[in-house]
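Hi everyone, thanks for making time.

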Amino acid sequence: MRKTLVTVGFIVLLTGSLAASDENLCPQVASYDMDVRLDTARKVIIGRETLTWSNTSRDSVGEMWFHLYWNAFANNASTFIVEGRPTRQEVSREFRKEDWGYSRVEAIRILPGPSSEPYDLKPSLTFRHPDDNNALDRTVFSVTLPKPLRPGQTIRLEITWEGKVPRPLARTGVFKDYYLLGQWFPKVGVYGEGGWNCHQFHDTSEFFADYGTYDVKITLPSAFVVGATGRRLELVRHADGTATHRYHQASVHDFAWTASPRFLEYQQRFKFAPGKTTEITLLLQPEHKGLKDRYLKAVMAAVKLASRNYGDYPYETVTCVDPAYNSRSGGMEYPTFFTAGADFLDPVGSGDPEGVTIHEFGHGYFYGLVGSNEFENPWMDEGFTSFLESEIYDEAYGPMLYTRRYFGIPVVFKDIKIPIESSGISEVRQTAGLDMMQRYAWQFQDAESYSANSYAKAEVMLRTLKRFLGEAVFAPMIKDYSQSFWFKHPRPQDFASVVNRHAGRDMGWFLDQFVYGAETCDYAVGEVGNEPAWPLKGWLDGKYVEEKTPAGAAPLYESDVLVRRLGGIKVPVEIQVTFDDGRVRRETWDGQLQWKRFSYKGASQVVLAVVDPDFKLVADINRTNNSLMRRPNRLAPWKAAANWLGWFQHALEFFSIFGG
Amino acid sequence: MKTISNLSQGYKTVRAAGRLVVFLYLVNLAFSLVLAVPVYEAIKDSLGRSQAGERMARGFDYQWWEEFRDKSHGPAATYGPSIFGRGALLNSLESLVGMRLGTLPSGVLLILIVYIIIHAFLAGGLLGSYAQESPGFRLRGFLGEAIRYFPRFLGLMLFSWVFFYAVGFVLNARLSALLERISHGALTERTPFFAGLAVSLIVWVLMMFIQMVFDYARIKTVLESRTNIFRAAWEGLALVLRHPLATFGLYYLLFIVTAILSVAYVLLKETIVQSAAAGVLLAFVLQQVFILALVGLRCWTYAGQLHLARNLKD
């Protein structure tokens, strides 16, 4: 703790310039000054916030909408729990009275300002349920302003509220003395496109907000180690055994924090590019002390490579939280702050905790900096982040190794590497066809379809696009997309515009098939045939012809390669044909019709045909049928079956315990 | 010393009827081949003439396997990376202790059940042969003994299932529920991890205990011509409880030998590069030797237990 105070002292000197530079990053549309007290005995937050909100639209705004997310945990009829059944309901079944959470607005009023008079808004408070008409859901409310707020005007509201910290169902809550507090304060929605975009708290989505400055004072027992969005400016210890931590961060759209007396806290300043540094804070569970270096290495790899690929990380801090077991708060993202997750036995090469660390940090870009609407365009958040994760992981660590747990003990199969092309493709193959990729997060057929489309299919689409356009086009394109929409709210068409601009042509035909279609991509080599060529025999131009092959001449062959499109997605493909004399021919096919036949005549036979030989179509759900050789490899099935036989013989011998 | 002496006598008996071990191994192989053939066909069909075949011959093509897994049904669905090397053994052990038989494809489960019943039949032949003054193996004699004891051994098998069920399902479920409660309140995953290991260990030890008791029940049935399976089971239990050092000593000594053998097999097999026919053949031969050794160890256990029971009676 002493070390922390020294650090804080150093930070305070820098505060002014840092805060100012953060604020220059973007317009501060929705800013919060908060003063909150965590009562750990009652597991209650007593909070007061001053919201400064600017009307950046062209409309006069007559009402304001807010999220009140913790009411998702108030009862088992909330949209969050109903959508998440049976799992969420199963978990909540054993909830006692004190386990439920809530968020209750005690007062909400307009503070006097240049464009407003003091006014009590509480009487007009009305719960809204724009997504599903669930009258029992209390996660969105609105208040009516006494007079419309004109474009360009700013309003200041003071809200006092009480938040009961829920036992964790998902994402947020308290488990024993571990708190992860996300979506914990009354938060204004986003005004745009003629109305309020303020969705309920859903089982699968929760993020969309405007950027602003957060200045938050948190008071709680001094034994707690705290981590939060942004930089800690002050730590004041009080005589009553409590301490107040003050955090500040500009140009972010959310604020989350964590507290636990068990955290081990590590800090490291990291230079990720010339003249660019950020301060990494790692809050670790004591039993994961052995994973400290792996966590830090993963954060550093993520910061460095994401900066190179998507733009230099602009914030002064990043905080990685190793969540407590059973807290159901792992793998969560908030600006400059995220939770990962680990098991004390996680072996090197298994992908944990590195993968989740990179993923959640990556959300700092695709959700944090690029403020896409996770409710309405979930693939622009999860899909981009999944792509970022697998690309960075692969570059930093190489392919993951196949790992399975037996009796909870992980066993790494070092010879079995999982190539990056496998990331997400199984989900696409099995489930993505249930829906289009572009759907509101809660409108997918089920959680599997949401996941397969929003995470896997979007990731696979981006990887296919990368290989289709080539690294030279894709790398600047994705970086341009990222940086162009930092602190903005891009839509799918915005991404398409950037792709078109960099590709130098309209790529809608490509993107639309993935984004607005539910078809799959599957090209195959259908047949390879080699037949002796028939010498010409018969009437030709009035003469009888009977060609004869000269003695000793090499026989001629007529060879065919039939390429087929088995999936609904149509893309141009290349075909590589190899002949027995070593010659290789490359063909192209626009991939539009169901099939295309390539014919050859010559002294050599086709020995191998491969459709998409450079593996550009990562989205191809059946890679095995992309190639056809003249003769099969006979060893492979024998080898596989022999190994299976060994396993089964052993299993029989093992289970004979039941027979005698 | 008693244990060593019984083991030594048992070893001599196994050697004297060495062909019996080979016969039992061949039964195991034959049963396995019933499913290995369709698995081979499924893999062959899936690989076809694709380049994945080349990659699978050289190493392991993870992408091909994912496709294969996603489309496979029946026994072929059990093929995967975890059946290689140590995975093969751990798979069996975890399935046994966790009683995950129900998760196996129906074809695999059917063969497994038939094999278990056949094993009860073969155990009669085995013990009948070993109990003779001059142990040896003649198929007709072996089958005669097997037929002779089968009704009683079948009864003992079914009776043992009551206990296996009680441990594998009832006790296991209760312990798992307890584990769930422990996990529920744990702040670190270490607690449920070690508690889970303890549960697995308890279940496993109890299963081995049941096997040992019923081994002696079968031996009593043969040595003392018991016709009442409940009495035989009781006598088996009494023998184990009255002579715990000798019975447990013998059983666990051979168990340790089995464990050492398994580790040696895994280490050896994992060093074999199966990228050419010679490597595949070598791995196949090694695994057959291992299975033969496991069958031999099971026979040795029976023979040692038989001598122990006989010596204790004398």
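So, among contacts in chain A between residues at least 6 apart in sequence, what share joins residues at least 24 apart? It's 69%. By contact I mean two residues whose C-beta atoms, placed from the backbone, lie within 7 Å.

Some housekeeping. This is a predicted model, where local features need pLDDT of at least 70 and side-chain atom pairs count only at pLDDT 80 or more, while totals for chains, interfaces and linings use all residues. Residues are numbered from 1 along each chain as its sequence is written, and chains are lettered from A and ligands numbered from 1 in the order in which they are written.

How confident is the predictor? pLDDT is its confidence in each residue, from 0 to 100. For chain A the mean is 95, with 97% of residues at 70 or more. Residues 1-19 of chain A, though, have a pLDDT below 50, and that stretch makes 16 contacts in the model beyond near neighbours in sequence.

Now the overall picture. The C-alpha atoms of chain A fill a box of roughly 110 × 70 × 50 Å along the principal axes. Chain A has twelve helices and 34 strands; these are DSSP runs numbered from the N terminus, helices being H or I with at least four residues and strands E with at least two.

Let's zoom in on strand 18 of chain A, residues 257-260. In a regular strand the side chains alternate between the two faces of the sheet. Here Trp257(A) and Ala259(A) point one way, Thr258(A) and Ser260(A) the other, and all are buried. Strand 18 pairs antiparallel with strand 10 (178-181) over three bridges, and with strand 15 (225-228) over four. Pairing means DSSP finds at least two bridges between the strands. Thr258(A) has Leu180(A) opposite it, and Gly227(A) stands opposite Thr258(A) too.

Next, an open sheet in chain A: four strands in the order 31-30-33-34, paired antiparallel. Strands 31 (584-589) and 34 (627-629) are at the edges with a single partner strand each, so one side of each has no neighbour in the sheet. Strand 33 (606-611) pairs with strand 34 over three bridges, and Leu608(A) has Met629(A) in strand 34 as its bridge partner.

What about chain B? The contact takes 62 residues from chain A and 77 from chain B. Among the elements giving two or more residues on chain A's side are strand 34 and helix 12 (635-655). Helix 12 gives the most, with 21 residues.

Last, the domains of chain A, whose bounds come from an automatic or database domain assignment. Domain 1 is 271-276 + 288-315 + 327-518, and domain 2 is 523-637. Their C-alpha centres lie 38 Å apart. The contact between them takes 13 residues from domain 1 and nine from domain 2. On the domain 1 side, helices 7, 8 (447-469) and 11 (508-515) of chain A each give two or more residues, and helix 8 gives the most, with six.

Key: pLDDT = per-residue confidence, 0-100. Buried ≥ 20, exposed ≤ 12 C-beta atoms within 10 Å, placed from the backbone.
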